[in-house]
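Dear colleague,

Please find the structure below, together with a short account of what was found in it. I would be grateful if you could read the two side by side.

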Amino acid sequence: MASIRFISSRIIQVGSRSKETDRIDLTPWDLKHLLVGYLQAGLLFHKPKLPEALIHHLQTSLSRTLDFFPPLAGRLATIEHEDKTTSFFIDCNNAGALFVHATAENVNISDLVEPVYVPETVDAFFQLDGVKNIEGTSKPLLAVQVTELVDGIFITCSANHSVVDGASFWHFFNSWSEISRGFDYLSRPPIFKRPLIDDIHYPIRIPLQKEHIQERFFQPGNLKVRVFNFRKESIVRIKRKANAEMNTDKISSLQALLSLFWQSIMRNRQMDPNQETMIFLVIGVRQKLQQLPEEYFGNAIHSAEVSLKAGELVEKGLGNAAWEINQVVANHREENFINFVKRWVNSPLLFQTGPMMNNALLTGNSPRFDIYGNDFGWGRPIAMSHGAESKRDGLVTVSPGVEEGDIEIKVCLSPKTIQAMENDEDFIAALNI
């Protein structure tokens with residue numbers, strides 16, 4: 001791993017503090033992430049022509065952006081109740097976000113984008129590794145690291161996952177790049193108002209077991225991370241094939257691509273044909289719950305499971321797996337999300353970091369996020385990457401590609417599985433459809 005030299009670290013506070021948002025309650029979608037790690041993602045840029053004042057400019061623009069996003073400059077706070085339950089909320093107290101300036105003096109852009117596998121060097125460009133979201137009571141809810149390379153610059157954010165989901169994460173990133181380019185106001189101001197659901201009263205009370213809070217993070221073993229880039233034309237052909245196999249036009253591009261990887265990974269893990277396999281989807285609630293606008297700031301995601309026996313998954317074709325995913329997504333409607341919230345409040349269940357089952361895949365991110373539109377004033381990014389918190393065997397991360405209409409799919413797998421995929425004639429043929 002390349003050597004990283006840390007130059008400075010400071011706390012960035014809101015520039016002109018507003019009293020409009022002092023406290024934000026956490027919803028079940030927020031609370032269920034308390035025991036897992038921060039969201040981490042960053043963008044690689046060519047180095048600006050005038051880098052001398054760059055760090056000051058980024059710090060100043062970050063402070064101005066936090067004016068519109070006061071939760072990210074706050075901390076989590078708790079209320080202990082007599083029934084031994086705890087409530088959590090965001091205290092917009094302007095304790096500040098962390099800003100770290102670093103340099104990787106021997107790292108070039110080519111060292112990061114040319115290797116087949118994502119180099120481990122990238123992990124050092126992120127802050128708050130191994131920090132649980134529940135630690136946001138004392139840790140910053142947002143940590144930025146700006147790392148200067150020989151010919152580039154890497155800007156990363158680590159944000160508390162009980163405060164933001166992927167949509168809110170990139171909403172903030174987009175807004176910061178607007179302010180950096182000289183905007184006085186945001187094109188999409190965030191909305192902090194929590195959804196009103198019958199019988200749900202804030203702050204929500206949850207029981208917490210100390211052993212879960214103190215439990216150390218699961219450390220994954222030796223894993224490889226690779227990004228597969230799909231051009232728009234290839235995506236159209238894969239989608240067309242999946243729909244043709246099922247005599248429908250309802251299967252989406254994303255559903256077809258996820259099915260391709262679900263099939264290939266399970267085939268190359270050499271699963272027993274009778275063993276049940278699963279892919280866990282992340283369904284955006286903003287698109288399906290009327291009272292949640294696109295600009296809603298917080299978590300608005302729901303998990304859904306699709307399962308098929310390994311034999312059926314592999315033998316019945318791309319279209320069959322894609323259709324199963326399609327039906328699960330289609331059957332999740334507004335009442336499903338409201339019922340989930342009500343059930344969760346009565347019986348809270350928190351996600352925990354642990355080893356993924358060998359018969360399961362977990363998906364994340366979305367091709368809808370505006371990632372490559374983040375221009376801070378010197379051009380668009382040339383690559384995106386995630387931090388060490390996203391290293392889990394079986395994680396499939398979907399993002400938009402550099403060119404409009406393209407999609408990037410990043411897989412994190414054991415070396416044995418990923419090398420088998422690379423030699424899998426069926427998978428390679430599908431890539432070249």
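What distance separates the centres of domain 1 and domain 2, taken over C-alpha atoms? In this predicted model, the separation is 24 Å. Domain 1 covers residues 4–214 and domain 2 covers residues 224–432.

Regarding the interface, 76 residues of domain 1 are in contact with 58 residues of domain 2. The two domains bury about 5,600 Å² between them, with 64% of that area on carbon and sulfur atoms. W29, K32 and Y117 supply 16% of the area that domain 1 buries against domain 2, more than any other three residues.

Polar interactions are also present between the domains: the count is three salt bridges, and 29 residue pairs are in polar contact. On the domain 1 side that touches domain 2, several elements each supply at least two residues, among them α1 (28–31), α2 (54–66) and β8 (152–159). The largest share of that side, ten residues, comes from α4. Elsewhere in the list of contacts, E295 forms a salt bridge with R188, their closest N and O atoms lying 3.9 Å apart.

Leaving aside neighbours within four places in sequence, the contacts of L142 include L62, L66, A97 and F172.

With kind regards

Methods: Residues are numbered from 1 along each chain as its sequence is written. This is a predicted model: local features need pLDDT of at least 70, side-chain atom pairs count only at pLDDT 80 or more; totals for chains, interfaces and linings use all residues. Side-chain values use heavy atoms; hydrogens and water are left out. Contact means heavy atoms within 4.5 Å. Domain bounds come from an automatic or database domain assignment. Buried area is the accessible area (1.4 Å probe) that two parts lose on being put together, summed over both. A salt bridge is a side-chain nitrogen of Lys or Arg within 4 Å of a carboxyl oxygen of Asp or Glu. A polar contact is a pair of N or O atoms within 3.5 Å; within protein, one must be able to donate a hydrogen and the other to accept it, and residues adjacent in sequence count only if both atoms are side-chain atoms. Helices (H or I, at least four residues) and strands (E, at least two) are DSSP runs, numbered from the N terminus.
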